[in-house]
Amino acid sequence: MIDGQTIEQYQHDGYVVAHGLFSAEETDALRAHFMSFRPAEPGGGDSRNKNLQKTDDPLRLYSRLMMPHRSDDVALRWLIDARINAWISALEGSEPYAVQTMVYYKPAGSRGQALHQDQFYLRAQPGTCIAAWMALDACDEENGCLQVVPGTHNIPVLCTKDADLTLSFTGDTVDLPDGYTPVPVIMAAGDVLFFNGQVVHGSFPNTSRDRFRRALIGHYVVGQAQAVSEWYHPVLRMDGTTVDFGISERGGKCGVWVERDGVPVAEAVGVETRQQ
Ligand SMILES: O=C(O)CCC(=O)C(=O)O
């Protein structure tokens, strides 16, 4: 339920879980639908992946699906679902604009995604972005659930550095000072986690023997934004129509941790040199 306490929790931590937002039937149907985009068995199926079948990296056959809503109606309908709109509108105070979908399969044994901030990539301006991260499987620490760092929604976009590619399939990560620790978000299939675009988050490897950790992810820009990075166009209203939007600049200033009165504070004094 989206009550005052839920909104306060989101404002305090930068994230909140909507439990059971999608029914078991809807979640089963979404999971089955998106599995049809990938081979049914590791090593089988998609002929485009012939070379990749030679490697033992499970992500080669189950790489994430990017922007399915641009060609797939199921993904589009989920992206602009009225329940997601109601939650984001309540949490942020206005209706968002929809810009991205992704499906993560994360089969057993696969790497996670190093800690990062979504706003580093989206560059919603002014303001920030927000994610709706829906669990298509029950997820916990064993299968590499999402990890979030509470309270990081109030910091600027941090400067990035190289991630450990043995643990992460993406190459960028950010530093965290003592006192900022990722916490696992344990979710049931059908739950949706909403988190602010500045929130530092990511996931660790799936250490289970045989469990997928599938997730359907939507990214939105918060209502007052007028520009977003080029890759996220076209920008959609929550009724699916396209809205005219500016293209935001990449790069610029980024945050580094400094100590003020013994407390770590992220200040936008660095200059981003990495490609987003
Ligand atoms: O699901 C994951 O492991 C990471 C997802 C993520 O970082 C994102 O949606 O921005």
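Visitor: From which number are residues counted, and what pLDDT do local features need?
Guide: Residues are numbered from 1 along each chain as its sequence is written. This is a predicted model, in which side-chain atom pairs count only at pLDDT 80 or more, totals for chains, interfaces and linings use all residues, and local features need pLDDT of at least 70.

Visitor: How many helices and strands does the chain have?
Guide: Helices (H or I, at least four residues) and strands (E, at least two) are DSSP runs, numbered from the N terminus. On that basis, the secondary structure of the chain comes to five helices and 18 strands.

Visitor: What is the radius of gyration of the chain?
Guide: This quantity is taken over C-alpha atoms, and the globule rule is 2.2 Å times the number of residues to the power 0.38. For 276 residues the rule gives 19 Å, and the chain comes close to that value, so it is as compact as a globular protein of that length. Its C-alpha trace spans about 55 × 40 × 35 Å along the principal axes. The radius of gyration is 18 Å.

Visitor: What percentage of the residues of the chain count as buried?
Guide: A residue is buried if 20 or more other C-beta atoms lie within 10 Å of its own, exposed if 12 or fewer, and partly exposed in between, with C-beta atoms placed from the backbone. Of the 276 residues, the buried ones make up 41%.

Visitor: What share of the contacts with a separation of 6 or more joins residues 24 or more positions apart?
Guide: Two residues are in contact if their C-beta atoms, placed from the backbone, lie within 7 Å. Among contacts in the chain with a separation of 6 or more, residues 24 or more positions apart account for 80%.

Visitor: Which residues have the most contacts inside the largest nonpolar core?
Guide: A nonpolar core is a set of buried Ala, Val, Leu, Ile, Met, Phe, Trp, Tyr and Cys residues joined through C-beta atoms within 7 Å. The largest one has 70 residues, and strand 5 gives it the largest share, seven residues. Those with the most contacts inside this core are W133, F194 and V221.

Visitor: Why are the buried residues of helix 4 on the same side of it?
Guide: In helix 4, residues 82–92, the buried residues are I84, W87, I88, L91 and E92. The arc that they cover around the axis, judged by the directions from the helix axis to the C-beta atoms, puts them on the same side of helix 4 because it is only 110°.

Visitor: Where is the cis peptide bond with omega near -10°?
Guide: P126 has its place in the loop between helix 5 (119–122) and strand 5. The peptide bond that is cis, with omega near -10°, runs from Q125 to P126.

Visitor: Is D261 buried or exposed?
Guide: D261 is found in the loop between strand 17 (253–260) and strand 18 (263–271). Its phi is near 50°, a positive value in a residue other than glycine. With 5 C-beta neighbours inside 10 Å, D261 counts as exposed.
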